[in-house]
Amino acid sequence: MPEADLFHTMQNMRAMRRLKSDPVPDDLIREILRAGIAAPNGSNRQEWGFLVITDPEVKRQVQAYYARAFEDIVKPHYLSASTPSGMTDSQYRRQLELVEHLTLNFHEAPAWIVACRNDGERQNRAAGAGIYPAVQNMLLAARALGLGATLTTRHTNYQAECDAIFGLPEGVHSFAILPIGYPIGRFGPTRRGPMSEVVFGNRWGEPAPFPLDD
Ligand SMILES: Cc1cc2nc3c(=O)[nH]c(=O)nc-3n(C[C@H](O)[C@H](O)[C@H](O)COP(=O)(O)O)c2cc1C
């Protein structure tokens, strides 16, 4: 039987970039972490670690790099890129405003969870696969608990600097920072393009073998 709550949660889990400063109870953060640690991972070796960051100084130092990457990389990209499928121009502009809001207030989120992985110096496409299922579980858990969060990876543009601030040992890297807090504003449906743009049958570009609900 489909679990209606889970499907609803997945369809209504927009990035929540505006957060209240009220602290998040430890019990809820613990619940989110428990959901993360339940995720699939390679051979169940659990080569991961999760930092719960509440220290304003740590957050402030990392936010400086996060903001620098916004000015250098993200903003120019947004301003030159076309509007993504499934969004109107004004929704895309609004998203940029919210991305900028989170950038300026990144360190004000009451709690961060930093998802880390002990991947040594392996650099391949599968590196993130060992940690992002846990990240997605934590986003779903936060949403189910009425908390807002955003999957962010921009700090990895300054990977070495941020990992040093987090005090990560050799071979351990941070893959995502989830700023978590009580939401300002409403949750809402995610905006994506039609299924027919991305679902194919047998070979790329050929129609799916069943009707799509576009
Ligand atoms: C790998 C990855 C990295 C992301 N990094 C950031 C980030 O650094 N800052 C941010 O505001 N959003 C970040 N996002 C969130 C996306 O911008 C967001 O999921 C996308 O715009 C779709 O919006 P929605 O999730 O609200 O539907 C990231 C998402 C992914 C999958």
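How many residues does helix 5 have, and how far does helix 5 reach from its first C-alpha to its last? Figure 1 answers this. The model shown is predicted; local features need pLDDT of at least 70, side-chain atom pairs count only at pLDDT 80 or more, and totals for chains, interfaces and linings use all residues. Residues are numbered from 1 along each chain as its sequence is written.

Figure 1. Helix 5 (residues 132–144) has 13 residues and reaches 18 Å from its first C-alpha to its last. This is close to the 18 Å expected at 1.5 Å a residue, the expected span being 1.5 Å times one less than the number of residues. Helices (H or I, at least four residues) and strands (E, at least two) are DSSP runs, numbered from the N terminus. Ala 134, Val 135, Met 138, Leu 139, Ala 141, Ala 142 and Arg 143 of helix 5 are buried (20 or more other C-beta atoms within 10 Å of the residue's own; exposed means 12 or fewer, and partly exposed in between, with C-beta atoms placed from the backbone). Gly 146, with a positive phi near 80 degrees, follows helix 5.

**Figure 2. Packing of helix 3 against helix 4.** The axes of helix 3 (residues 56–80) and helix 4 (residues 89–105) are 10 Å apart, at an angle of about 170 degrees. Axes are lines fitted to C-alpha atoms over the stretch in contact, and angles run from 0 to 180 degrees between N-to-C directions. The two helices are therefore roughly antiparallel (an angle over 145 degrees). Tyr 66, Ala 67, Phe 70, Val 74 and Tyr 78 of helix 3 meet Leu 96, Val 99, Glu 100 and Thr 103 of helix 4 (C-beta atoms, placed from the backbone, within 7 Å).

**Figure 3. Surroundings of the ligand.** Around the ligand stand Arg 14, Ala 15, Arg 17, Val 99, Leu 102, Thr 150, Leu 151, Thr 152, Thr 153, Arg 154 and Thr 190 (C-beta atom, placed from the backbone, within 6 Å).

**Figure 4. The loop between helix 2 and strand 1.** Arg 45 is found between helix 2 (26–37) and strand 1 (48–53). Arg 45 is exposed, with 9 other C-beta atoms within 10 Å. The C-alpha atoms of Arg 45 and Gly 130, 85 residues apart along the chain, are separated by 9.6 Å. Gln 46 lies in the loop between helix 2 and strand 1 and has a positive phi, near 50 degrees, although it is not glycine. Gln 46 is partly exposed, with 13 other C-beta atoms within 10 Å.

Conventions: Angles under 35 degrees count as roughly parallel, over 145 as roughly antiparallel, 65 to 115 as roughly perpendicular and the rest as oblique. Two residues are in contact if their C-beta atoms, placed from the backbone, lie within 7 Å.
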